[in-house]
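These are my notebook entries on one structure. I set down in turn what I looked up and what I found.

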Amino acid sequence: MNEFEKMISGRLYNASDAKLGVYHMERMALCQRLNQTLITDQAAIEHLKEELIPSAKGNDLGIFLPFYCEYGSNIHVGRECFINYNCTFLDDAPITLGDGVMIGSGVTIATPCHPPLKEERMVTEYPDGRHDLEYAKPVTIGADCWICSSATIVGGVTIGAGSIVAAGAVVTKDVPANSLVAGVPARVIRQLDEKDRINVWQTYQENKMPRSLREKERD
């Protein structure tokens with residue numbers, strides 16, 4: 001296996017490997033080009049977005065720039081996902097978004113991991129050369145999740161379909177489907193249920209303020 005293959009598979013890899021470094025630089029340069037493209041040039045943005053994130057092609061991925069990632073090729077998106085301003089996806093391991101995932105502004109998804117002990121974490125001379133040994137864990141976000149602004153999701157986490165991660169939460173462990181999680185570290189606050197329904201179409205048609213049954217019960 002080459003170092004890129006080791007990286008995306010979750011094995012220890014040499015982050016200072018020359019060939020990996022060249023590819024890494026190429027992908028970050030592509031991300032930079034995307035961010036420097038005028039918002040009015042939507043054709044160029046679409047082209048660069050699909051070059052950076054190949055899975056975006058044909059999937060109607062929406063991104064408000066700037067957007068930051070390391071590779072882009074390790075990001076896998078479903079249909080009609082949306083990523084708001086100033087998000088960072090450190091995609092050393094795969095980051096997978098199911099259909100309809102909404103990512104709020106300032107969200108960080110970080111797959112890289114470093115050895116806990118300092119003597120194993122530092123760049124070191126090994127028998128076959130100088131290595132910076134790291135590893136990464138994938139992140140999977142199920143369909144129709146809403147990750148609110150400034151949340152952080154660390155490597156190895158799976159978030160079940162339909163869940164909400166509250167603003168500023170730090171998610172360090174798996175989240176069950178249809179859950180609301182919040183806090184640092186994030187914990188399950190409750191399950192989402194019919195009391196959260198706001199009857200969007202009727203409320204929109206009647207031009208009323210959106211309020212769920214749960215909110216009405218608190219009055």
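**Entry 1: Overall build**

I counted six helices and 21 strands in the chain; helices (H or I, at least four residues) and strands (E, at least two) are DSSP runs, numbered from the N terminus. The model is predicted, so local features need pLDDT of at least 70 and side-chain atom pairs count only at pLDDT 80 or more, while totals for chains, interfaces and linings use all residues. Residues are numbered from 1 along each chain as its sequence is written, and side-chain values use heavy atoms, with hydrogens and water left out.

I noted that the C-alpha atoms fill a box of roughly 70 × 45 × 25 Å along the principal axes. Of the 219 residues, 37% count as buried; buried means under 20% relative accessible area, exposed over 50%, and partly exposed in between (1.4 Å probe, protein chains only). I then looked up contacts, meaning heavy atoms within 4.5 Å. Among the contacts with a separation of 6 or more, 27% come from residues 24 or more positions apart.

**Entry 2: Aromatic pairs**

I searched the whole structure and recorded seven aromatic pairs. Rings of Phe, Tyr and Trp (its six-membered ring) pair if their centres lie within 6.5 Å; planes under 30 degrees apart count as stacked, over 60 as edge-to-face and the rest as tilted.

I examined Phe4 and Tyr71: their ring centres are 5.8 Å apart and their planes stand at 70 degrees, so this pair is edge-to-face. Phe4 belongs to helix α1 (residues 3-9) and Tyr71 to the loop between β3 (67-69) and β4 (75-77), so the pair ties together parts 67 residues apart in sequence. Phe4 is partly exposed at 22% relative accessible area, whereas Tyr71 is buried at 2%. I also noted that Phe4, Tyr23 and Tyr71 form one aromatic cluster.

I next looked at Phe67 and Phe89, an edge-to-face pair with 5.2 Å from centre to centre and 75 degrees between the planes. Phe67 is in strand β3 and Phe89 in strand β6 (residues 87-90), so the pair ties together parts 22 residues apart in sequence. Phe67 is buried, with a relative accessible area of 0%, and Phe89 is buried, also with 0%.

**Entry 3: Cysteines**

How many disulfides does the structure hold? I found zero; a disulfide is a pair of cysteine sulfur atoms within 2.5 Å. The closest cysteine sulfur to that of Cys69 is in Cys31, at 4.2 Å, which is too far for a bond. Cys69 counts as buried, at 7% relative accessibility. Cys148 is in no disulfide either, and the nearest cysteine sulfur, that of Cys145, is 11 Å away. Cys148 is buried, with a relative accessible area of 10%.

**Entry 4: Backbone details**

I looked up cis peptide bonds. One joins Leu65 and Pro66, with omega about 10 degrees, and Pro66 is in the loop between β2 (62-63) and β3. The bond from Val184 to Pro185 is also cis, with omega near -10 degrees; Pro185 lies in the loop between β20 (179-182) and β21 (187-191).

I then looked up positive phi values in residues other than glycine. Ser150 has phi near 65 degrees and lies in the loop between β15 (146-147) and β16 (152-154). Ser150 is partly exposed, at 46% relative accessible area. Asn199 has phi near 50 degrees and is placed in the loop between β21 and α5 (200-205). Asn199 counts as partly exposed, at 43% relative accessibility.
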